[in-house]
Number of protein chains: 2
Amino acid sequence: MATNEPSGPVSDASDSRRGSLALRWVGIDTYRENVAYIHRDCAIYRAEGFQALSKIAVTCGGVRLLATLNVVDDAAIVSPGQLGLSEQAFSELAAIEGADLHIAHAERPHSMDAVRRKIVGERLSEQDYKNIISDIAAHRFAKTEIAAFVVSTAQNELDREEVFYLTQAMVSSGQRINWRETLVADKHCIGGIPGNRTSMLLVPILAAHGMLVPKTSSRAITSPAGTADTMEVLCDVDLPLGRLQEIVREQRGCLAWGGQAGLSPADDILISVERPLGIDSRGQMVASILSKKVAAGSTHLLIDIPVGPTAKVRHMDAAQSLRKLLEYVGQRLNLQMEVIITDGRQPIGRGIGPALEARDVMMVLQNDPDAPQDLRQKALNLAGRILEFDPDVRGGAGFGIARDILDSGRALTKMNAIIDAQGRRPPVAFGRRTFDVVSHQTGVVVGIDNFQLARIARYAGAPMDKGAGVDLYRKLGDRVESGDMLYRVYAEYAADEQFARVLTADNHGYTIGDLADLPRAFVPS
Amino acid sequence: MATNEPSGPVSDASDSRRGSLALRWVGIDTYRENVAYIHRDCAIYRAEGFQALSKIAVTCGGVRLLATLNVVDDAAIVSPGQLGLSEQAFSELAAIEGADLHIAHAERPHSMDAVRRKIVGERLSEQDYKNIISDIAAHRFAKTEIAAFVVSTAQNELDREEVFYLTQAMVSSGQRINWRETLVADKHCIGGIPGNRTSMLLVPILAAHGMLVPKTSSRAITSPAGTADTMEVLCDVDLPLGRLQEIVREQRGCLAWGGQAGLSPADDILISVERPLGIDSRGQMVASILSKKVAAGSTHLLIDIPVGPTAKVRHMDAAQSLRKLLEYVGQRLNLQMEVIITDGRQPIGRGIGPALEARDVMMVLQNDPDAPQDLRQKALNLAGRILEFDPDVRGGAGFGIARDILDSGRALTKMNAIIDAQGRRPPVAFGRRTFDVVSHQTGVVVGIDNFQLARIARYAGAPMDKGAGVDLYRKLGDRVESGDMLYRVYAEYAADEQFARVLTADNHGYTIGDLADLPRAFVPS
C-alpha cells in the first residue's frame with residue numbers, strides 16, 4: 001500500500017524498470033481528460049516504447065484508470081521515478097502522493113472498430129453502442145477518438161432506432177436514481193434563449209401542488225447563466241446525493257446542480273468534444289437530453305423547443321422533426337412526454353446573468369406588478385402542461401391551477417422552503433460597474449440577437465461574477481427614440497466592463513426598424 | 001522587448017489584467033500540440049472567460065502562435081503573472097523566459113466551416129483545401145478538429161480531383177526544395193514490411209550511376225526501424241539543410257532524416273492524429289506520400305506497393321486502385337511516376353531492427369555470399385526501374401546496369417563516401433541479451449506475420465536501442481523440424497528481453513504447415 005513518506009526521485013533506474021513508479025500530483029486541470037506526466041529519463045518509459053500522447057493504463061491499489069501520456073523534461077514537475085497525474089486523474093485514483101503504481105500500454109478500445117465501421121457507412125447494433133459508450137465512460141477513448149465517433153454519427157445520420165440504442169447505452173454508463181414514485185416530473189429546454197429561467201418557477205409551483213420534481217440542472221458552459229448558476233445566487237446547489245434525496249422527500253422538489261450525481265457520464269465527455277467542434281447532430285442531442293432525464297429517475301417530461309432566428313432551432317420544420325424523434329425515443333424509454341414549440345425570438349424576462357435572472361424569478365414569485373410578464377406567462381403555460389400529467393387534473397385545467405398556486409403565494413412559500421433546505425445564501429449585489437447602451441435610431445425594436453446578448457453578458461463577467469450581466473429595458477415591438485436606453489450592462493471589474501463596451505460598440509444586438517419588419521412569432525402562445 | 005531578469009510572479013493582479021504576462025518554459029513535451037499553461041488565479045484568465053482546453057493566441061515580440069490552454073493550480077509550474085508554454089511552443093516563440101507576452105481568444109478557424117460542409121456530404125473546392133491545410137499547418141486546429149477533418153474525408157471518400165487539391169495544399173504548407181536539375185529521383189514504399197531497407201541500396205547504386213537521389217526518410221513511428229534509424233547506425237542523419245545540399249552536390253545522393261526540412265508540415269500534423277485513430281484513407285495516404293516528395297524536390301518517383309496477408313495493402317484490387325489514384329494525382333503534379341506492386345508476404349532480408357538491418361544492407365553491398373538474396377534481388381529490381389527514368393538508359397536495361405554497379409563494388413564505394421560525408425559512426429553491437437525462438441512443429445514455413453515480428457522487435461527495444469531486434473533464420477517455404485530455430489531476439493535490457501519473451505510465447509508469428517498451404521506470391525517478381 002501507499003506510504004506516507006514524501007515522494008522522491010528513484011535513483012536506481014533498474015528499480016523503476018521493474019514497473020513501479022511513485023504517484024505525484026501535478027496541479028494541472030486538463031478538463032475531462034486524464035493526463036499522466038512521465039520523465040523522459042524514466043526507464044519504464046524508455047523500455048516500454050511509450051509515446052507522447054499515447055494512452056496508458058495506470059494501476060494503483062486496485063484502482064485502474066486510463067490517461068494520455070505527456071513526456072516531461074523538468075524534474076521539478078516529475079522526476080524519473082515518478083508518474084504525475086493531472087488533477088482529475090489524481091483524485092480519481094484516490095491515493096496519496098508517493099503511492100506505488102504500475103503503468104502499462106492501454107489496449108486500444110475494441111469498440112473503435114465499430115466507429116471505423118460507422119465511418120464507412122454501416123448501421124451499428126445495440127451492442128456496438130453499448131461497447132462504444134462504456135469505453136467512452138471509462139475514459140478508454142482519446143479525445144480524437146471521441147471526435148471520430150461524433151463526426152461519424154453526424155455524417156451518416158443515425159436512424160431513430162440507433163438513437164434509441166445510443167440513449168440507452170448512455171443511461172447505462174452511470175448511476176440511475178429510483179425515486180420509488182409513479183410520477184416524477186421534469187422539464188428540459190433545448191436552449192439558446194437567455195433569461196429563460198422557467199425551471200425556477202416550475203419547481204415551486206409543481207412541488208406546491210404535491211408533484212415530485214427533483215430538478216437537477218447544469219452550470220453554464222457557453223451561456224451567461226445556467227439554472228444551477230442562477231439558483232446558486234439564492235442558496236447552495238452543490239449537494240451530496242443523500243442530502244438532495246432528503247430535501248426532495250421533505251419538499252417534493254429541489255433545484256440542484258446535477259454534476260455530482262454521476263448521471264450519464266458519457267454524455268458529459270461527449271459534450272466536452274462536441275461543443276468546441278460546433279457539431280451538434282440531432283441524434284446526439286436527443287440522446288444527451290433523454291439519457292440525463294432517465295438517469296435522474298424522471299418518468300414524465302416536458303420538452304420546450306424555442307424557435308427563432310437566433311435560437312438554437314431556427315426553423316419550424318427542424319423543430320417538428322426534432323419533436324418526432326424525441327417522441328419516438330422517449331416512448332421506447334417508457335417516458336411520458338410532451339414536446340412543445342415556443343417563441344424563441346428574444347430573451348425571456350429582463351435580466352441576463354445569475355443575479356439579474358434570480359431577481360426576475362423572485363419578482364414573479366412575489367407577484368410584483370413590475371415582474372416580467374413574459375417569464376410569468378411562459379412558466380404558467382409550461383407548469384399547466386406538466387400539471388396535466390397528474391391523472392387527477394382535467395385536460396386544460398393545468399394553467400388555472402398553476403396560476404392559483406402562483407397568485408396565492410404558495411409558490412413563493414415553497415420556493416423559500418426549498419432555498420432554506422438547500423442552504424440560503426446572503427444576497428448578491430449587481431456588478432458595481434455599469435454602462436448603458438442606447439439606441440442611435442428611432443423606430444420599433446424588431447430584433448434582439450439572443451446570441452450577441454449572451455455574449456455581452458459573458459464578456460461582462462457572467463456567470464463567474466454572479467452580479468455581472470445585462471438588464472434589458474426594451475423588448476420586441478417596443479418603440480424607441482434615438483438616445484433611449486436599450487439595456488444596462490453590469491460588471492464587477494474594469495477590464496470586463498471594457499471588454500463588454502468594445503463588444504457592444506461593435507454590435508449591440510438590437511435591430512431597430514418598422515413595426516412591419518417585426519418577425520411573427522412561430523407559435524403565438 | 002524581452003528582459004534578461006528572472007521571471008517572478010506578478011503580484012499586482014490589475015497589472016496582468018491589462019493583458020501582459022511573463023513567458024515561462026514548461027518542460028512538458030506535448031508532441032505536435034502547442035499547450036499553454038495559465039494559473040487559475042491569473043486575472044486575465046478570469047477576466048477573459050477562457051476555458052480549459054480552449055485555443056488561445058499568444059503574441060510575443062512580433063511572433064504569434066496558437067495553443068491549447070491548460071489551467072494550473074501549482075505556482076511551481078506557473079505563477080499567476082506568467083504564461084507557461086510546452087517545449088515545442090516555447091521554442092517556436094524564440095523568446096527568453098520572462099519576456100512580455102499577450103494572450104487573446106483565438107478566433108475559431110474559418111475553415112472549420114468547410115469541414116462541417118464535408119461532414120454533411122459536400123465536395124470541397126480547391127480553395128477550401130487550401131484554407132483547411134494552411135490553418136492546420138498554423139496550428140489553428142485543435143486535435144479534435146483535425147480528427148473531424150480526417151474522419152469526414154475518410155467517410156465521404158474524396159474524388160481524385162479533391163485528392164489533388166489536398167496534395168497541392170499540403171505541398172504549399174511548407175518549404176519546397178529546388179535542386180535545379182531535370183531528374184531528381186526518389187522512391188517510396190507503402191510500408192508494413194519489416195527489414196525492407198531497399199533505399200539504402202538504391203541510393204548508392206543510383207548515385208554511382210550519376211543520378212541525383214537526395215533521399216530523406218522518416219524515423220520509425222510504429223515500426224521497429226525507419227530508414228533514418230537504420231542509416232543512423234552507420235553515420236549521422238540529422239543534418240542541417242545546407243550541409244545536406246552540399247553532400248548531395250558532391251555525392252549525387254544522401255540518406256538523411258527529413259524531419260528538419262519543414263517539408264509538408266501539415267502532413268506531419270495530420271499523421272499525428274490519423275495514426276493513433278487507425279484511420280488511413282486512400283486519399284489521405286496519397287496526399288501524404290506525394291506532398292512530401294514534391295516538397296523534397298523530386299521529379300521522378302518509384303512507388304512500391306507490397307501486397308500480402310499481413311502487409312498494409314492486403315488485396316490485389318486494393319493495390320490496383322491505389323496505383324491508379326497515385327498515377328492520376330502524380331500526373332497532375334507533374335511527377336514522372338512508376339508504381340509497382342511487389343510480394344509483401346513476409347519480411348525482406350533477415351534482420352529487423354536498426355543494427356541488424358544495417359548489417360543486411362552492408363552484406364549486400366559487400367557482395368557477401370551470405371547476404372540475403374531477397375533484399376539484393378528486390379533492390380536491383382527497383383534500381384533498374386528507376387535507372388530507366390534516365391533517357392539514356394534503354395527500356396529493360398536498368399536491371400543489368402544496377403547489377404553491374406553492385407557487383408563491381410562501385411555501390412559499396414559510393415555508400416562509404418556518403419557515410420563519411422554525413423559523419424561515420426563507430427560500429428553498433430547487437431543487443432547483449434538474446435534468446436532463440438524455436439518451432440514446436442515439423443513442416444514448412446507457410447506464414448510469417450509481418451506485424452507480429454515488428455511488434456516483437458519493438459518490445460525488444462528497437463528502434464530506441466539500435467542493437468535490439470529480431471534476426472530471422474527461416475523464411476517462407478523453408479522446412480523446419482520441431483526444435484529448429486526460427487529466429488533470435490536481441491535486447492539490451494533485461495526488462496525488454498522479458499517483454500519480448502512474453503510476447504513470443506503468446507504468438508511467435510510463424511505458421512508451420514504443408515507446402516500446399518504456402519500462399520502464392522501476388523506478383524512473382
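This is a predicted model: local features need pLDDT of at least 70, side-chain atom pairs count only at pLDDT 80 or more; totals for chains, interfaces and linings use all residues.
The size of an interface is often given as the accessible area lost when the parts come together. Between chain A and chain B, the buried area is about 4500 Å². Carbon and sulfur atoms give 56% of that area. Chain A brings 53 residues to the contact, and chain B brings 52 residues.

Polar and charged links cross this interface. Eight residue pairs are in polar contact between chain A and chain B, with both residues at pLDDT 80 or more. Four salt bridges are found across the interface.

Several elements of chain A build its side of the contact. At least two residues each are supplied by the strands β2 (28-29) and β5 (63-72). The helices α2 (43-48), α4 (112-119), α6 (143-155), α11 (265-277) and α19 (494-506) of chain A likewise each supply at least two residues. The largest share comes from α6(A), with nine residues. By residue class, the side of chain A that touches chain B divides into 27 nonpolar, 10 polar and 16 charged residues.

Strand pairing also joins the chains. β5(A) pairs with strand β2 (residues 28-29) of chain B. The pairing is antiparallel and runs over two bridges. Within it, V71(A) stands opposite D29(B), a residue of β2(B).

Notes. Residues are numbered from 1 along each chain as its sequence is written. Chains are lettered from A and ligands numbered from 1 in the order in which they are written. Side-chain values use heavy atoms; hydrogens and water are left out. Contact means heavy atoms within 4.5 Å. Buried area is the accessible area (1.4 Å probe) that two parts lose on being put together, summed over both. A salt bridge is a side-chain nitrogen of Lys or Arg within 4 Å of a carboxyl oxygen of Asp or Glu. A polar contact is a pair of N or O atoms within 3.5 Å; within protein, one must be able to donate a hydrogen and the other to accept it, and residues adjacent in sequence count only if both atoms are side-chain atoms. Helices (H or I, at least four residues) and strands (E, at least two) are DSSP runs, numbered from the N terminus. Ala, Val, Leu, Ile, Met, Phe, Trp, Tyr, Cys and Pro count as nonpolar, Asp, Glu, Lys and Arg as charged, and the others, Gly among them, as polar. Two strands pair if DSSP finds at least two bridges between them.
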